Amino acid sequence: MPARWTLRSSLWLQRPPHEVFPFFADAFNLEQITPPFLRFEVRTQPPIAMHVGTLIDYRLRIHGLPVSWRTHIAEWQPPHCFADEQLRGPYSKWYHRHMFVAHAGGTLARDEVAMTPRGGLLAPLVMRLFVERDVRAIFAYRAEFLCRRFGGDPRSQQLEIVRDKAAQ
């Protein structure tokens, strides 16, 4: 069984879920919450109607290399959660579930990402040398942006990346 990791993140935002979710429901906002070093661009033509099965194409650069990425919306339950799954892209597996929970007068924005980097037997090395550092930087940038947009403190973000025991 290939090695797999799970990222879990939570970030408290000052606005309620019904105000936060619509921002995430617009796929083009991904360009705003992704660090400039990735040169991330949504390639699907607008408007993008979000629902289960929606296909979205992106282009980005990972360590300078151009990458095409295609996801589909696997879950869609506004304003509570949605999930995107990679169909083609830089990972062997990528399933990202976004959850929005009313909490303390705002929103606890939670993410869970199941991922397997490419590299076969070298995937653990790829994860340690590149992927983990990059994903942490992406989520830190995202937290800064979201807290500026919706209020909150990016230092409140809790993030962990763990290797799934069953995959070891």
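Is R4 buried, partly exposed or exposed? With a relative accessible area of 31%, R4 is partly exposed; here buried means under 20% relative accessible area, exposed means over 50%, and partly exposed covers what lies in between, using a 1.4 Å probe and protein chains only.

## Ground rules

This is a predicted model, where local features need pLDDT of at least 70 and side-chain atom pairs count only at pLDDT 80 or more, while totals for chains, interfaces and linings use all residues. Residues are numbered from 1 along each chain as its sequence is written, and side-chain values use heavy atoms, with hydrogens and water left out.

## Salt bridges

Back to R4: its side chain meets that of D164 in a salt bridge, 2.7 Å from N to O. The rule for a salt bridge is a side-chain nitrogen of Lys or Arg within 4 Å of a carboxyl oxygen of Asp or Glu. R4 sits in the segment before β1 and D164 in the segment after β8 (158-163), so the pair ties together parts that are 160 residues apart in sequence. Helices (H or I, at least four residues) and strands (E, at least two) are DSSP runs, numbered from the N terminus.

The salt bridge count comes to 11. Among them is E41 with R43, whose closest N and O atoms are 3.0 Å apart; E41 is partly exposed at 32%, and R43 is partly exposed at 36%. D153 and R155 also pair up, at 2.9 Å from N to O, with D153 partly exposed at 29% and R155 exposed at 74%. There's a network too, linking R8, E112 and E160 through salt bridges.

## Around β7

E112 turns up again in β7, as the bridge partner of R97. β6 and β7 pair in the antiparallel sense over 12 bridges; two strands pair if DSSP finds at least two bridges between them. These two strands make a hairpin with 2 residues between them, and A104 in the turn has a positive phi of about 50°.

β7 also runs antiparallel to β1, joined by 9 bridges, and R110 in β7 has S10 standing opposite. Of the 12 residues of β7, 9 are buried, so this strand is largely enclosed by the rest of the structure.

## The nonpolar core

The largest nonpolar core has 41 residues, and L13, F24, I56, M115, V135 and L146 have the most contacts inside it. Such a core is a set of buried Ala, Val, Leu, Ile, Met, Phe, Trp, Tyr and Cys residues joined through side-chain atoms within 4.5 Å. Elements supplying at least two residues each include β1 (5-13), α1 (17-25), β7 (106-117) and α3 (123-150), and α3 gives the largest share, 9 residues.

L146 is in contact (heavy atoms within 4.5 Å) with L11, L13, F23, F24, I33 and G151, leaving aside neighbours within four places in sequence. Over in strand β3, L60 is buried at 4% relative accessibility. Not counting residues up to four places away in sequence, L60 touches L38, R39, F40, L65, P66, V67 and W69.

L122, L125, L129 and F130 make a nonpolar surface patch of about 360 Å². Patches are made of residues with over 30% relative accessible area and no salt bridge, joining like charges within 9 Å and nonpolar side chains (Val, Leu, Ile, Met, Phe, Trp, Tyr) within 5 Å. Accessible areas come from the Shrake-Rupley method with a 1.4 Å probe, and for residues only the protein chains shown count as cover. L122 lies in the loop between β7 and α3 and is exposed, at 54%.
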